[in-house]
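This note is for a colleague who is opening the structure for the first time. Please read the numbered points with the model in view.

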Amino acid sequence: MAELKLVGLCGSLRKASTNRLLMLEAVRRFGDAEFVEGDLRLPLYDGDLEANSGIPAEVQALADQIAAADAVIVATPEYNKGISGVLKNALDWISRTKGAPWANKPVALMSAAAGRAGGERTQNMARLCLTPFRPLLITGPEVMVAATAQQWDDQGRLINELNAKALDELMQVLRRHALAQHSG
C-alpha cells in the first residue's frame with residue numbers, strides 16, 4: 001500500500017509559532033505519512049488580480065496539495081477573537097480553484113493560543129469558513145492548547161498531558177479517515 005499523504009496548514013507565518021509546533025506534533029502523532037506543509041504566503045485575494053492573471057501558481061499548488069492529500073491538518077492561532085488573515089486569505093483563494101480540493105477530505109482542526117480558552121473562537125470560525133467546501137471535518141476531540149507559551153519543551157514537544165491525549169485521539173481518528181480515503 002502506498003504511503004498516506006498528509007498536508008498541514010498553519011495559520012501563522014511566524015517561524016516560532018506554537019501553532020506550527022502543534023501542527024508538527026500532530027504529524028508526529030499521526031504516524032507514517034508523506035507530509036508537506038502548505039505555503040500560505042499568498043498574495044491577498046483580489047478579484048481584479050484573478051480576472052487579469054488567473055489563479056496564482058502558488059495558490060494552485062496549494063489547492064493541488066490539498067486535493068492530492070489523504071487528510072489535512074489545520075492549526076490556527078486566534079487573532080483578535082477569530083482566525084488569522086493568513087488562513088482566511090488562503091481559504092478564499094482556494095475556493096476560487098477548480099475541482100473542489102476540500103470535498104470529502106478528512107480535516108483535523110486544532111489551535112494554540114495565549115488565552116485560557118486555547119483558541120475556541122478561532123476553531124468555531126474556522127469550522128464556519130471550511131463548511132461550504134464540504135470537507136469531512138473531524139468533530140473531536142477538540143484540541144485547544146491554552147497558555148501556549150508554557151506547553152512545549154525545548155525540543156518543541158507538547159508537554160501538557162491532557163492536550164497530548166486529545167491530540168493522540170484526534171490523530172487516530174484522522175488516520176482512520178485518511179486510510180478510508182486512501183483505499184476508497
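**Notes on the predicted model**

1. Read from the N terminus, the elements of the protein follow the order β-α-β-α-α-β-α-β-α-β-β-α. This amounts to 6 helices and 6 strands, where helices (H or I, at least four residues) and strands (E, at least two) are DSSP runs numbered from the N terminus.

2. The model is predicted, and local features need pLDDT of at least 70, side-chain atom pairs count only at pLDDT 80 or more, and totals for chains, interfaces and linings use all residues. Residues are numbered from 1 along each chain as its sequence is written, and side-chain values use heavy atoms, with hydrogens and water left out.

3. Overall dimensions come next. The C-alpha trace spans about 50 × 40 × 25 Å along its principal axes. The radius of gyration is 16 Å, in agreement with the value near 16 Å that a compact globule of 184 residues would have; the radius is taken over C-alpha atoms, and the globule rule is 2.2 Å times the number of residues to the power 0.38.

4. Of the 184 residues, 47% are buried. Buried means under 20% relative accessible area, exposed means over 50%, and partly exposed is in between (1.4 Å probe, protein chains only). Among contacts (heavy atoms within 4.5 Å) with a separation of 6 or more, 80% are between residues 24 or more positions apart.

5. Which residues touch the most other members of the largest nonpolar core? In this core of 27 residues they are Leu-22, Ile-73, Met-110, Val-143, Leu-167, Met-171 and Leu-174. Two or more residues each are given by strand 1 (5–10), helix 1 (18–30), strand 3 (71–75), strand 4 (106–112), strand 6 (143–145) and helix 6 (161–183). Helix 6 supplies the largest share, 8 residues. Another core, of 25 residues, lies apart from this one and includes Val-59, Ala-69, Leu-130 and Phe-133. A nonpolar core is here a set of buried Ala, Val, Leu, Ile, Met, Phe, Trp, Tyr and Cys residues joined through side-chain atoms within 4.5 Å. In soluble globular proteins, nonpolar side chains tend to be buried together.

6. Beyond its neighbours within four places in sequence, Leu-22 is in contact with Met-110, Ser-111, Ala-112, Val-143, Val-145, Trp-152 and Leu-167.

7. Phe-30 belongs to helix 1. Is Phe-30 buried or exposed? Phe-30 counts as buried because its relative accessible area is 3%. Not counting residues up to four places away in sequence, Phe-30 touches Leu-4, Leu-6, Met-171, Leu-174, Arg-175 and Ala-178. The C-alpha atoms of Phe-30 and Val-173 are separated by 9.3 Å, although the two residues are 143 apart along the chain.

8. Helix 4 (residues 85–94) has Leu-87, Asn-89, Ala-90, Leu-91, Trp-93 and Ile-94 as its buried residues. These pack against helix 2 (47–53), helix 3 (57–68), strand 3 and helix 5 (120–130).

9. Tyr-45 sits in the loop between strand 2 (34–37) and helix 2. Its relative accessible area is 32%, so Tyr-45 is partly exposed. Leaving out residues up to four places away in sequence, Tyr-45 touches Glu-50, Asn-89, Asp-92, Trp-93 and Arg-96. Tyr-45 and Arg-96 are 51 residues apart in sequence and 9.7 Å apart in space, C-alpha to C-alpha.

10. Gly-140 and Pro-141 are joined by a cis peptide bond, with omega about 10 degrees; Pro-141 is in the loop between strand 5 (136–137) and strand 6. Asn-104, not a glycine, has a positive phi of about 60 degrees and lies in the loop between helix 4 and strand 4. Arg-134 is not a glycine either and has a positive phi of about 60 degrees; its place is in the loop between helix 5 and strand 5. Asn-104 counts as exposed at 53% relative accessibility, and Arg-134 counts as exposed at 61%.

11. The lining of the largest pocket comprises Glu-78, Lys-81, Ala-113, Gly-115, Arg-116, Ala-117, Gly-118, Gly-119, Glu-120 and Arg-121. A pocket is an open set of points on a 1 Å grid over the protein atoms alone, where a 1.4 Å probe fits, with protein on both sides within 12 Å along at least five of seven lines; lining residues have an atom within 4 Å of a point. The lining divides into 2 nonpolar, 3 polar and 5 charged residues, with Asp, Glu, Lys and Arg counted as charged, Ala, Val, Leu, Ile, Met, Phe, Trp, Tyr, Cys and Pro as nonpolar, and the others, Gly among them, as polar.
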